[in-house]
Amino acid sequence: MADTWYEDSMQSREDALIGRFGPFSPAGRVFKPQDASWDIKLPGFAFLRFPLTDTRAFWLYVTHGLAQPLNAQDFKEGKAGGLSDSGFGVEFALATSVEEAWPFRMLEALSSYAVSSSKPVLPYHRIPSGDLLENAPGGHLLALEAPGYATAVDTLSGKFHIVHLVGITGAEAERAKQLEGVEGSKILECVLHRLGVGCITDRRRTCLTQLSEFDSTWRACAGEPPEEPTGDRKKPFWSIW
């Protein structure tokens with residue numbers, strides 16, 4: 001009897017994602033990467049697209065294959081609970097408010113970086129992507145800690161996490177860079193949620209730093225007290241004596 005560990009792992013992951021996000025679209029169809037070398041690097045690597053639902057106000061695009069076990073032994077250990085992660089331990093995701101084609105190209109580039117680099121892409125990391133936002137060159141992708149849905153997924157071959165990324169402008173990234181480590185990214189993620197961006201990448205949106213409420217929202221997310229109003233203050237009536 002043939003060993004079907006590869007197919008079983010792929011199907012288990014697909015079933016887990018469907019259980020989390022609902023049926024993908026078109027039904028039964030995956031989207032293949034543009035680079036044919038994926039057939040050698042990671043056979044079966046593809047993308048899934050999940051449409052809007054009554055409870056999810058965005059289209060979701062998810063890689064399908066980075067969490068694939070590298071061999072039969074990894075699959076068996078993951079199935080037995082001996083490994084905490086399946087494959088690379090991640091799948092990447094992007095969201096848009098309307099159906100788009102560009103997320104597939106972005107996810108493929110990001111996946112290629114992750115596979116070829118020894119550096120993992122983790123929540124709060126910022127990845128340069130200069131032409132991502134049409135109205136604000138110099139943008140980045142920000143990996144979110146809390147995109148608004150559960151990111152840990154259990155499968156037959158072990159666990160993986162969905163690393164959801166959202167587009168940010170160059171100015172937003174520069175504000176985050178003013179703080180050491182990931183502190184700026186933590187605050188920026190909070191700002192994105194409070195000012196209505198959330199986990200959705202809108203390539204044509206306005207840079208948040210241009211909004212009058214940006215600074216006050218940043219201070220609130222950073223746990224800082226509101227800024228004191230400036231300008232001349234009216235003197236108390238007793239000061240005239």
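User: How many bridges join β3 to β7, and do these strands run parallel or antiparallel?

Analyst: Strands are DSSP runs of E with at least two residues, helices are runs of H or I with at least four, and both are numbered from the N terminus. Two strands pair if DSSP finds at least two bridges between them. In this predicted model, 5 bridges join β3 to β7, and the two run parallel. Phe92 has Val163 in β7 as its bridge partner.

User: Which way does β2 run against β3?

Analyst: β2 (residues 59–64) and β3 are antiparallel, joined by 4 bridges. Leu60 has Ala95 in β3 as its bridge partner.

User: Why is β3 described as largely enclosed by the rest of the structure?

Analyst: Buried means under 20% relative accessible area, exposed over 50%, and partly exposed in between (1.4 Å probe, protein chains only). β3 is largely enclosed because 9 of its 12 residues are buried.

User: Is Ser12 buried or exposed, and what does Ser12 touch?

Analyst: Ser12 lies in helix α1 (residues 5–21) and is buried, at 15% relative accessibility. Leaving out residues up to four places away in sequence, Ser12 touches Thr155 and Leu156, where contact means heavy atoms within 4.5 Å.

User: Is Gln210 buried or exposed?

Analyst: Gln210 is exposed, with a relative accessibility of 62%. Gln210 sits in the loop between α6 (183–194) and α7 (214–221). From Gln210 to Ala171 is 39 residues in sequence and 9.3 Å in space, C-alpha to C-alpha.

User: Which residues lie nearest the centre of the largest pocket?

Analyst: Val90, Pro120, Val121, Leu122 and Val163 do, out of 20 lining residues. The elements giving two or more residues to that lining are β3 (85–96), α4 (102–116) and β7 (158–168). β7 gives the most, with 4 residues. By type, the lining of the largest pocket holds 12 nonpolar, 6 polar and 2 charged residues. Val163, one of those nearest the centre, is also the partner of Phe92.

User: How far can the predicted model be trusted, going by its mean pLDDT?

Analyst: pLDDT is the predictor's confidence in each residue, from 0 to 100. The protein has a mean of 87, and 86% of its residues reach 70 or more. Local features need pLDDT of at least 70 and side-chain atom pairs 80 or more, while totals for chains, interfaces and linings use all residues. Residues are numbered from 1 along each chain as its sequence is written, and side-chain values use heavy atoms, without hydrogens and water.

Conventions. 1 Å grid on protein atoms, 1.4 Å probe; cavity = no way out; pocket = protein on both sides within 12 Å on 5 of 7 lines; lining within 4 Å. Nonpolar A, V, L, I, M, F, W, Y, C, P; charged D, E, K, R; others polar.
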